[in-house]
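This briefing covers a structure model, with notes on helix packing, salt bridges and individual residues. The points are grouped by topic.

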Amino acid sequence: MKHENGDRTMATGHLRSKEPSKVALHARNVKFEWSGLPFEWIPGERFASHYINVVHLLLPEGERWFVKVFSEILPLIHDDQLHEDVVGFIGQEGVHAASHQGVQDYFAANGLDVRPFVSELEATFRKILGDRGLEGRAKEEWLIERVATIAGIEHLTAVFGHWALNSPKLDRLGSNETMLDLLRWHGAEEVEHRCVAYDVFTHVDGRYWRRVRTYAVGATLLFTLWWRGTKYMMANDPSITISRRPRAGMLRLLSAEARHLVPGLFTLGWASWKYLLPNYHPSKEGSTSQAVAFLAKSPAAMRADALAEAGSAVESARS
C-alpha cells in the first residue's frame, strides 16, 4: 500500500511540473443514467458506499448556496479576470448541484427516503448561513463572512476532489462506473476551480483570523452534517434487514480510510493543518493538469462537450 501511495504521489508531482498557467472555467452540462444503481455501489462495502453517498444529500443545497452567495458578491469584484473566474465557478457549481440532485431523486424513487434529512439540512442552511435581513455595511460584512466560509469549504472539496482522482482501490473493487465518473468529474472540476473562492475572499478581505474563524465553523459544520448523514443513510437503507443493520461507528470510518475507500478523519485533519498555515494558497492542492486530463476522458464530460459542439455548429449554420 505504501508503494501504491508513493506511485500516486510521484505521478501527481510529475503532472504539477507541467501545470498550465490558466484554465478557462466553463460548465459542462453532464447527464448521468442511474437506473440499476445499487445503494452499495462499492461491492461489499456498505458503510463506505453510504459515507460517500452523503455528498448527494449535502451538495445540492450547499452548492445552490454557493451560487447565491457568489452571485451577490460579483459587484464587489473589481478584477476582470477574477470576475470571469467567478462566472465560470457559478456555472460549474450549478451543474454540480443538479447532478447530485439526480442521485438524491433516484434514492427517493427506490425506497431510500432522504427527504427528512434533506429538509433538516435546508433549514440549517437557512438558519445559520442564510440572509439575515441586514442592510448597508452589516449586509456587506455578512456576505464577506459567508464568502470566507465558502473559501474554507472549497479547500476541502478540492482535497476530496484530489482524493477521488487518486483512488484506484475503488476501481479494483469493481465500484459502479457511473458513480465513479460522477465523483471524479465533480472532483476534477473542484480541482480545476480550487483557487476561485479563496482568491475572491482575498480580493474582498483576506484577513488571516477571519479565514481561521470561518474555516473552524465551516469545517465543523460540514463534518457534523456529513457524519449525521452517514448514520441516516445506514439506518434507512431499505436493502438492509433490521436485524443485520450495521451501525455507523467511528471505527468503521477509520477502517475505511485506512483501506483507501473514503477520505476521513486523517484527510480532514491534514487538510485543516494546511489551510491554517499563514502561507496557504489552494494552487498547492491537487493538479490542474491531472484534472484536465481526466475531464478529457470522462464519459459524462465527453458527451457534454460533444453536445455543446453540436449546438455551436447548429448556431453557426443558422447565422
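The model is a predicted one.

**Helix α5**

- Helix α5 runs over residues 115–129 and has 15 residues. From first C-alpha to last, α5 reaches 20 Å, close to the 21 Å expected at 1.5 Å a residue.
- The buried residues in α5 are Phe117, Val118, Leu121, Glu122, Thr124, Phe125 and Leu129.
- These buried residues line one face of α5, because they fall within an arc of 155 degrees when seen down the helix axis.
- Arg126 and Lys127 are exposed, on the face of α5 turned away from its buried side.
- An α-helix has 3.6 residues a turn, so residues three or four places apart point the same way.

**Helix α11**

- Leu253, Ala256 and Glu257 are buried in α11. Seen down the axis of α11, the buried residues fall within an arc of 100 degrees and so line one face of the helix.
- The packing partners of the buried α11 residues are α2, α10 and α12.
- Leu251 and Ala258 are exposed on the other side of α11.
- Leu251 also belongs to a nonpolar surface patch with Leu254 and Phe266; together the three have about 360 Å² of accessible area.
- Leu254 is in helix α11 and counts as partly exposed because its relative accessibility is 31%, between the limits of 20% and 50%.
- Ser255 is likewise found in helix α11. Its relative accessibility of 33% makes Ser255 partly exposed.
- Ser255 and Ala48 lie 207 residues apart in sequence, with their C-alpha atoms 9.6 Å apart in space.

**The loop after α11**

- His260 lies in the loop between α11 (250–258) and α12 (265–276).
- Although His260 is not a glycine, it has a positive phi of about 60 degrees. This backbone value comes just after α11.
- His260 counts as buried because its relative accessible area is 15%, and the limit for buried is under 20%.

**Salt bridges**

- The structure holds 22 salt bridges.
- One of them joins Arg28 and Glu189, with the closest N and O atoms 2.7 Å apart. Arg28 lies in the loop between α1 (2–16) and α2 (46–53) and Glu189 in helix α8 (residues 177–192), so the pair ties together parts that are 161 residues apart in sequence.
- Arg28 and Glu189 are both buried.
- Asp131 and Arg146 form another salt bridge, at 3.2 Å from N to O. Asp131 is in the loop between α5 and α6 and Arg146 in helix α6, so this pair ties together parts that are 15 residues apart in sequence.
- Arg146 is buried, with a relative accessible area of 3%.
- Arg137 and Glu140 are also bridged, their closest N and O atoms being 2.4 Å apart. Because they are three residues apart in helix α6, about one helical turn separates Arg137 and Glu140.
- Arg137 is exposed, with a relative accessible area of 52%, whereas Glu140 is partly exposed, with a relative accessible area of 28%.
- Arg137 and Glu140 belong to a network of salt bridges that also links Glu141, Glu145, Asp205, Arg207, Arg210 and Arg213.

**Val54**

- Which residues does Val54 contact, leaving aside its neighbours within four places in sequence? The contacts of Val54 are Trp226, Gly229, Thr230 and Met233.
- Val54 lies in the loop between α2 and α3 and counts as buried, because its relative accessibility is 0%.
- Val54 and Met233 are 179 residues apart along the chain, and their C-alpha atoms are separated by 7.5 Å.

How values were computed:
Residues are numbered from 1 along each chain as its sequence is written. This is a predicted model: local features need pLDDT of at least 70, side-chain atom pairs count only at pLDDT 80 or more; totals for chains, interfaces and linings use all residues. Side-chain values use heavy atoms; hydrogens and water are left out. Helices (H or I, at least four residues) and strands (E, at least two) are DSSP runs, numbered from the N terminus. Buried means under 20% relative accessible area, exposed over 50%, partly exposed in between (1.4 Å probe, protein chains only). Patches are made of residues with over 30% relative accessible area and no salt bridge: like charges are joined within 9 Å, nonpolar side chains (Val, Leu, Ile, Met, Phe, Trp, Tyr) within 5 Å. Accessible areas come from the Shrake-Rupley method with a 1.4 Å probe; for residues, only the protein chains shown count as cover. A salt bridge is a side-chain nitrogen of Lys or Arg within 4 Å of a carboxyl oxygen of Asp or Glu. The expected span of a helix is 1.5 Å times one less than its number of residues. The arc is that of the directions from the helix axis to the C-beta atoms. Contact means heavy atoms within 4.5 Å.
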